[in-house]
Amino acid sequence: FIAPLPLIFFGSLKIVFIYKIVREYVDLERLKGFFIAFFFAVFPYFILRDYKFIQMQMICPSTIFVIFLYYFLKFQTTHGKKFFYLSSLFCAIYIVSSNLNPGIFVFLCFLLLYFYKKDGKLNFNWTFFILPILFILPYIAVHLFFVFKLNDSGAGFLGKLMAKSKQLGFYLYNFIHIFIDSYGKFFGVIFLIFLFLGIPYTFLMYKNLKKKIIFYVWSLIYYLPFLLLIAPGVTLTHTYLYEGTTAIILSIFIFIDEIIPYKKVVYVIFSVFIFISIINSHIFNNKTLDDGLKAAGYLVRNQINEDKKIYIDTEPMRSHYYLGREKIYCKYDADFEANLNYLINIYINMDILILEKGFKEYVAAKASYILDSFDILYVLEREGREIRYILAKNVKKFKRISIIDYNNNFDKEFGKIGRIISYPMKWPADNAIMPEENL
């Protein structure tokens, strides 16, 4: 009962400040502001995360970011010193609490150039950075200690982000897939169209948009890294879309109000968006986002002996909780290539492989001899589509599994994942990853 309370508080607080931004800064009518705030309250992507205890690391910093932005924009319109220092305080808190904190530095640079460029010179009170610097110095010191003394990049969220596999490229197909899989087909397509068409539109209509442009730039800053840096196969990409989602929803509604002058038409469009969001049961039922890990966890817990060595291509902490195993073999947020290199070194000693469909196809194309050493034990399906495989040795016949039924069985037998995480564990999650030398 207690664990979800911070999520409820921060999720609700975010909606309040979203309303205040669109009313006081964007200067939309009260009813339009209410529509936008209500959309945030019922949008499935947020609902599916805001009630999950494990998502607190995204929800709370996201709210803090919105509060920072509100006070920063409030200072631009009133020049009140209290808003200046409040924005500095919340900026500092966000930097040390979010694993997406590098984005705020880019966003700050844009804000400073946008608001403080006068006569070709940058006129800015640098005392704004005093609190962020004071907050982040000990944070950096702890991170450096982990890296150089313990040879570990796990110093909080900053370390986790730096540990992500990043490779410069243009991953358009993967980017589109993430949007569709995260937001559903309707909103995924709408967001993608707006994101790409918004670039030339913003350039052409810059003078008309004026201060409203900052919300679109905000969305670009938090989305483009996933288009240009995050290769297919890197885990948790759906989670890290959280920050950009807030920005793009604000941008879409603000741009709609800008390009459509008729109030009734705007209200109809707002109502349609909200109605579709509410009835979008495909997302509410969590079918789109379900990667089959919970069903795999149920099968592992009930059908596979404790002494079996298991490799899984999914993020370690989630795998640890769902599979319920003290020791698993996997890599943190690796792309397909890094995961394959790791698997090549250990597959001979593994008893079980748990692979998502995309990675299994990648292994089949690059190192098919690995799959030749195993047989399919279970094929996990979502709405008739294969999404994950459990492979073992010397299997005579495999079985197809509908993940919905096994998800329900998992909840009945082991409890919701929030309850599992809330209870003390017999082993620390960070020790669940077994290094190759322990084989």
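This is a predicted model: local features need pLDDT of at least 70, side-chain atom pairs count only at pLDDT 80 or more; totals for chains, interfaces and linings use all residues.
Start with the largest nonpolar core. It holds 82 residues, and Phe 68, Phe 215 and Trp 218 touch the most other members. Helix H4, residues 56-78, gives the largest share of this core, 13 residues. Phe 215 has contacts beyond its neighbours within four places in sequence. Among them are Ile 21, Tyr 25, Leu 69, Leu 73, Ala 247 and Ile 254. In soluble globular proteins, nonpolar side chains tend to be buried together. Another core lies apart from the largest one. This other core has 26 residues, including Tyr 298, Leu 299, Tyr 322 and Tyr 406.

Now turn to helix H19, residues 357-366. Its buried residues are Phe 359, Lys 360 and Val 363. Seen down the axis of H19, they fall within an arc of 105°, so they line one face of the helix. An α-helix has 3.6 residues a turn, so residues three or four places apart point the same way. The buried residues of H19 pack against strands S3, S4, S5 and S6, and against helices H18 and H20.

Asn 407 lies in helix H21, residues 403-414. Asn 407 counts as buried, because its relative accessibility is 10% and the cut-off for buried is under 20%. Leaving aside neighbours within four places in sequence, Asn 407 is in contact with Asp 290, Lys 294 and Ala 295.

Asn 394 sits in the loop between strand S6 (385-392) and strand S7 (399-402). Asn 394 is exposed, with a relative accessible area of 73%. Its phi is near 60°, a positive value in a residue other than glycine. Most residues other than glycine have a negative phi.

Notes. Residues are numbered from 1 along each chain as its sequence is written. Side-chain values use heavy atoms; hydrogens and water are left out. Helices (H or I, at least four residues) and strands (E, at least two) are DSSP runs, numbered from the N terminus. Buried means under 20% relative accessible area, exposed over 50%, partly exposed in between (1.4 Å probe, protein chains only). The arc is that of the directions from the helix axis to the C-beta atoms. Contact means heavy atoms within 4.5 Å. A nonpolar core is a set of buried Ala, Val, Leu, Ile, Met, Phe, Trp, Tyr and Cys residues joined through side-chain atoms within 4.5 Å.
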